[in-house]
Amino acid sequence: MEYIFDPDVVHECAMTCLGKPKPAMFDAFAEAMAQRYPGRLDVAQPWIFSNAGGAMIQMKVYYASAFEYIMIWGTPIGSEGHSGRHLLGFWDTVIDGEMWYFGEGQFERREYRAGDRVYVGPNQARGMNFTTGVYAVEYARGILPASIPFGLADSLISTLDMATVGQTLSMYAALVGHHLRSPHADGRPPSPLRQRVGTVLVNAGNGITRRIRPPEPYDEVVSGKAFRFRGTPAAPPAVEAAAAPRNREDGSAGPE
């Protein structure tokens with residue numbers, strides 16, 4: 001199996017994130033990777049939730065095929081859980097915050113902070129705690145489809161977050177399509193059939209993601225009048241009040 005990415009190069013690109021504010025650090029990683037691997041990443045995919053092994057994070061996946069993926073994952077509030085036991089090797093570089101790991105038979109936690117590197121190999125597992133928050137670049141290689149059930153199980157039987165399930169699958173399809181349309185690891189161009197299949201997956205995957213994408217987070221407190229069962233109010237309450245002022249009896253705008 002010829003892999004596209006070198007974990008050491010991915011780590012070098014991740015180190016360009018350090019010291020930058022969010023989301024500038026994520027842009028710095030994408031730019032560094034674009035210089036080392038032109039055209040390989042799809043930077044247009046949105047951030048989505050991931051619930052797996054009891055841990056809740058968000059992730060932005062930049063590349064995925066049947067045997068490799070690259071993403072940035074993290075949480076601003078902390079979480080903990082089980083890493084899962086996979087047919088994959090994982091290389092992580094912490095770019096912000098802190099995380100703690102431990103394995104079977106380890107009686108002291110392993111602490112990782114910005115710039116530290118973590119490796120968890122195939123058939124290995126770790127207990128994880130992300131303390132008060134962490135963000136990390138992750139590169140994995142191995143048999144990726146075998147890990148999909150672990151990645152979706154919590155959403156299917158615990159959180160019942162079907163929007164996340166759907167987006168995870170549709171984004172994976174689009175990213176695999178992007179991979180199929182790209183040159184092989186040795187630089188050979190893809191065959192016409194491979195390109196066509198890739199295009200179908202990209203269009204279908206991105207189309208489904210757009211259709212099922214939930215509304216953007218909306219933190220303003222709305223009135224009962226502005227409440228909608230689906231989506232967010234058309235405008236924040238203050239904007240609605242300004243756009244539709246009450247009229248006084250003399251015809252001028254303003255309170256009675």
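# Exercises: cores, cavities and pockets

Met99 is in contact with Trp73, Asp92, Val94, Arg110, Glu111, Tyr112, Val118, Asn129, Phe130 and Val134, leaving aside its neighbours within four places in sequence. Contact means heavy atoms within 4.5 Å.

The model is predicted: local features need pLDDT of at least 70, side-chain atom pairs count only at pLDDT 80 or more, and totals for chains, interfaces and linings use all residues. Residues are numbered from 1 along each chain as its sequence is written, and side-chain values use heavy atoms, with hydrogens and water left out.

**Exercise 1. Find the largest nonpolar core: which residues touch the most other members?**

Step 1. Apply the rule. A nonpolar core is a set of buried Ala, Val, Leu, Ile, Met, Phe, Trp, Tyr and Cys residues joined through side-chain atoms within 4.5 Å.

Step 2. Pick out the residues. The largest core has 25 residues, and Tyr69, Trp73, Met99, Tyr101 and Phe130 touch the most other members.

Step 3. Trace the elements. Strand 2, strand 3, strand 5, strand 7 (117-120), strand 9 and helix 4 each supply at least two residues of this core.

Step 4. Look beyond it. Another core lies apart, with 24 residues, among them Phe5, Val10, Cys13 and Trp91.

**Exercise 2. Describe strand 1: in which sense does it pair with strand 2?**

Step 1. Check cover. Four of the five residues of strand 1 are buried.

Step 2. Check pairing. Strand 1 and strand 2 are antiparallel, with five bridges. Two strands pair if DSSP finds at least two bridges between them.

Step 3. Look at the hairpin. Ala52 stands opposite Ala55 in strand 2. Two residues lie between the strands, and Gly53 takes a positive phi near 65°.

**Exercise 3. Survey the cavities: how many are of 30 Å³ or more?**

Step 1. On a 1 Å grid over the protein atoms alone, a cavity is a set of points where a 1.4 Å probe fits but cannot get out; a pocket is an open set with protein on both sides within 12 Å along at least five of seven lines; lining residues have an atom within 4 Å of a point. Points are joined across faces, edges and corners, and a volume is the space filled by probe spheres set on them.

Step 2. Count. There are two cavities of 30 Å³ or more.

Step 3. Take the largest cavity. Its volume is about 790 Å³. Its lining has 36 residues, with Ser50, Met59, Tyr69, Met71 and Glu138 nearest the centre. Helix 4 gives the largest share, six residues.

Step 4. Sort that lining. It divides into 25 nonpolar, nine polar and two charged residues. Ala, Val, Leu, Ile, Met, Phe, Trp, Tyr, Cys and Pro count as nonpolar, Asp, Glu, Lys and Arg as charged, and the others, Gly among them, as polar.

Step 5. Take the second largest cavity. Its volume is about 50 Å³. Its lining includes Pro7, Trp91, Arg117 and Glu138. Helix 1 (7-15), strand 5 and strand 9 (134-142) each give two or more residues.

**Exercise 4. Turn to the open sites: what is the volume of the largest pocket?**

Step 1. Read the volume. It is about 550 Å³.

Step 2. Find the centre. Of the 22 lining residues, Trp47, Ile48, Phe49, Gln58 and Pro217 are the closest to it.

Step 3. Sort the lining of the largest pocket. It holds 12 nonpolar, seven polar and three charged residues.

Note on methods
Buried means under 20% relative accessible area, exposed over 50%, partly exposed in between (1.4 Å probe, protein chains only).
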